[in-house]
Amino acid sequence: MKGIILDVASLAPDDLNLQPITRQLEEWQSYGQTTAQQLNERLVGAEIVLTNKVAMTEAVLVENPQIKYIGVLATGTNNVDLATAKARQIVVSNVRGYGTHSVAQHTLGLILNLATRQPDYLAAVKQGQWQQSEHFCLLNQPILELAGKTCLIVGLGELGQAVAKLVKALGMKVIAATFEGHQSQSVQGVERLPFEAALPQADVISLHCPLSEQTEHLFNRHTLRLVKPGALLINTARGGLIEEQALVDALHAGWLGGAALDVVSEEPPPVDHPLFQSSIPNLYITPHNAWGTQAARQTLVNMAGENLAAFLSGKPINQVC
């Protein structure tokens, strides 16, 4: 069987061991990136396809009937037309939980950066503001003490629970959002509240839920006005969870105390993206790299290898269809 990796460069593979994947087939073709225009030509003869973000659309799957397995090198599978894959009996597996520790520590870092305004103070020192101060210290940005404050987790799965443990260690109370029609997992020490009822109680809100029709623009002009004034909003999940212009307006109005994002709705973002205006106050953005520790990326490769081995043995695991 022939295998192909369509966008291996997205894993920053120079410090990774890809043998858990590549040792399983004699013939592999690997590409750093693959455009939509290049895709069909590269897929010729490939029965095993590994992709991180390259879109496997209905048209692509129909035009490549030889494909038997798609291994998604991520948790999200919105880049694969799952209905078509299922209809054509293509097995699709993803990797889950590989970045829990990496994303959780990044989330905590974003919370702490907003609470302490550390990036602003570091910049102030480099600009000479401390050196010119009349006092021994510089306190021109508000610093929030997190102990005793409330953190709302939206999406209390494995990752949300990992973040909950970290913020509890800082002395925070943790609550979690529930949604009508969804079963909620009970977690000891975490109070469950309806989403809109929880918003006014939270000093920090951290998003860890998937993006779906139900959660798209979960934070919009209506729900952002329900948030406690001065609260901090953290998103390391999916950019589409937030209506971005509404967030910009809330920050300009001073309704939110700050926001820290690792994701935006379009990635990489265009230069005219509304979140990248230099005038937006108290907004920190990192380039979707919360998952990117070497340990997390190697775990992803290892899990993708296990998925492929299971498929080749006739007993697929981590199937999404």
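Predicted model: local features only at pLDDT ≥ 70, side-chain atom pairs only at ≥ 80, totals over all residues.
Strand E1 (2-5), strand E3 (48-51) and helix H3 (58-63) are among the elements that cover the buried residues of helix H2.

Helix H2 spans residues 36-43, and its buried residues are Leu-39, Arg-42 and Leu-43. Looking down the axis of H2, these buried residues stay within an arc of 90 degrees, so they line one face of the helix. Gln-37 and Glu-41, by contrast, are exposed on the other side of H2. After the helix comes Gly-45, with a positive phi near 80 degrees.

Next, a look at helix H5, which covers residues 100-116 and holds Ser-102. Is Ser-102 buried or exposed? Its relative accessible area is 5%, and because buried means under 20%, Ser-102 counts as buried. Leaving aside residues up to four places away in sequence, Ser-102 touches Ala-290, Trp-291, Gly-292, Thr-293 and Ala-296.

From the UniProt record, an unreviewed entry, comes the listing of residues 108-290 as "domain: D-isomer specific 2-hydroxyacid dehydrogenase NAD-binding". In the model, the end C-alpha atoms of that span lie 11 Å apart, and the span is 27% helix and 16% strand.

Finally, the second largest pocket holds about 180 Å³ of space. Its lining is made up of 15 residues, and those nearest the pocket centre are Arg-117, Leu-144, Gly-230, Leu-232 and Gly-257. Here is the lining by class:

| Class in the lining of the second largest pocket | Residues |
|---|---|
| nonpolar | eight residues |
| polar | three residues |

Methods: Residues numbered from 1 in each chain as written. Heavy atoms only, no water. 1 Å grid on protein atoms, 1.4 Å probe; cavity = no way out; pocket = protein on both sides within 12 Å on 5 of 7 lines; lining within 4 Å. Points joined across faces, edges and corners; volume = space filled by probe spheres on them. Nonpolar A, V, L, I, M, F, W, Y, C, P; charged D, E, K, R; others polar. Helix = DSSP H or I, 4+ residues; strand = E, 2+ residues; numbered from the N terminus. Buried < 20%, exposed > 50% of the residue type's maximum accessible area, 1.4 Å probe, protein only. Contact = heavy atoms within 4.5 Å. UniProt positions renumbered as here; feature names shortened; annotations may be inferred. Arc of directions from axis to C-beta.
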